[in-house]
Amino acid sequence: MRRRALLAATLAATLTVFAGTHAAAQQTYPSKPIRLLVPYPAGGGADGLARLIGEKMSSTLGQPVIIENKPGANTMLASSEAARAQADGYTLLYVASSLTINPSLYKVPYDTVKAFSPVALVAEVPLIIIRNQEAPYHTLNDLVTAARANPGKINYASYGQGSPAHLGGELLESMAGIDMTHIPYKGSAPALTDLVGGQVEVAFSSIEPALQLIAAKRVHPIAVMTKTRIPALPDVPAVAETYPGFEAIGWNGIVAPAGTPSDIVNRLNEVINQILKDEEVLAKYAKQGVIAYPISPDAFGKMIKDEIVKWGEIVRKANLAMN
């Protein structure tokens with residue numbers, strides 16, 4: 001009995017020391033630089049937002065947040081590395097809508113829901129339908145009417161096969177009962193160059209590059225693809241005003257490897273959500289047309305699950321899977 005009691009006391013003391021050491025370690029987080037993997041080339045819209053948030057995180061946390069650009073495999077190169085990383089809060093992954101679209105398009109080398117711990121939603125990135133100066137489609141109804149009269153003959157550009165813009169086009173076709181021809185480009189720049197040049201009449205685009213061309217009167221907006229109108233273009237109607245329930249948005253966020261301690265995840269979420277209230281950040285967001293949307297890790301996790309289901313249904317209906 002005495003021996004068992006001694007063993008129990010020793011075990012209890014060991015666990016107490018371990019718990020105390022673990023708690024102390026969490027309280028000192030971060031004690032070294034944090035890596036933020038960005039699955040896009042330097043210089044793009046997502047990279048710019050990642051660097052803005054990373055800089056602000058560094059100031060608040062007192063440790064450098066080092067941006068590592070790792071493009072490739074439709075963002076799966078960086079995602080795979082993050083999924084394998086140690087779950088200690090020192091490797092984070094900057095993600096976008098592709099995280100929830102890829103599982104339906106490809107054989108991804110990880111389970112998207114199980115591989116990551118959601119940390120924070122950094123921004124919603126509205127999508128927009130725009131036309132070149134010569135196209136006769138002044139309203140969404142004009143575009144839909146023309147597409148019904150000319151099945152398959154109206155081309156629309158997007159910034160990539162399987163992108164939110166492409167799938168938003170597929171969703172519009174489904175809801176409006178029309179057939180258009182998708183022309184995928186490798187990024188927004190070549191797609192919008194051809195739109196301005198008249199090689200395509202219509203483009204489904206992310207908001208930031210479109211705003212610059214709209215302001216220069218080189219293209220004209222038809223409709224935004226959000227549930228409601230957006231602050232950057234308050235006079236431009238939403239597709240949902242014509243087709244209730246329509247929504248196709250891009251978004252950016254940050255996740256950590258699965259198993260990252262909840263206190264670290266919550267700490268990062270608090271820091272990022274506070275950053276999203278910063279006046280400098282909000283001013284830059286407004287200039288780019290993106291929207292700050294601070295939510296909890298649990299809410300972000302639910303959003304990721306919902307997006308996987310939503311995009312999966314669109315991909316299957318349009319038979320777009322590449323696996």
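## Helix α3 and its surroundings

In this predicted model, the buried residues of α3 pack against β1 (34–38), β3 (91–96), α4 (98–105), β4 (116–125) and β10 (250–257). Contact here means heavy atoms within 4.5 Å. Helix α3 itself spans residues 76–84, and its buried members are Met 76, Ala 78, Ser 79, Ser 80 and Ala 82. Buried stands for under 20% relative accessible area, with a 1.4 Å probe and protein chains only. Helices (H or I, at least four residues) and strands (E, at least two) are DSSP runs, numbered from the N terminus.

Local features need pLDDT of at least 70 and side-chain atom pairs 80 or more, while totals for chains, interfaces and linings use all residues. Residues are numbered from 1 along each chain, and side-chain values use heavy atoms, leaving out hydrogens and water.

## Where α4 meets α12

Let's turn to α4 and its partner α12 (residues 297–318): their axes, lines fitted to C-alpha atoms over the stretch in contact, come within 8 Å and cross at roughly 45 degrees. On the α4 side, Leu 99, Thr 100, Ile 101, Ser 104 and Leu 105 take part, meeting Ile 304, Glu 307, Ile 308, Trp 311, Gly 312 and Val 315 of α12.

## A buried serine

Ser 206 sits in strand β8 (residues 202–206). Why does Ser 206 count as buried? Its relative accessibility is 14%, so Ser 206 falls in that class. Beyond its neighbours within four places in sequence, Ser 206 touches Val 125, Pro 126, Leu 127, Ile 128, Tyr 159 and Ser 188.

Terms used:
Buried < 20%, exposed > 50% of the residue type's maximum accessible area, 1.4 Å probe, protein only. Axes fitted to C-alpha atoms, helices over the stretch in contact; angles between N-to-C directions.
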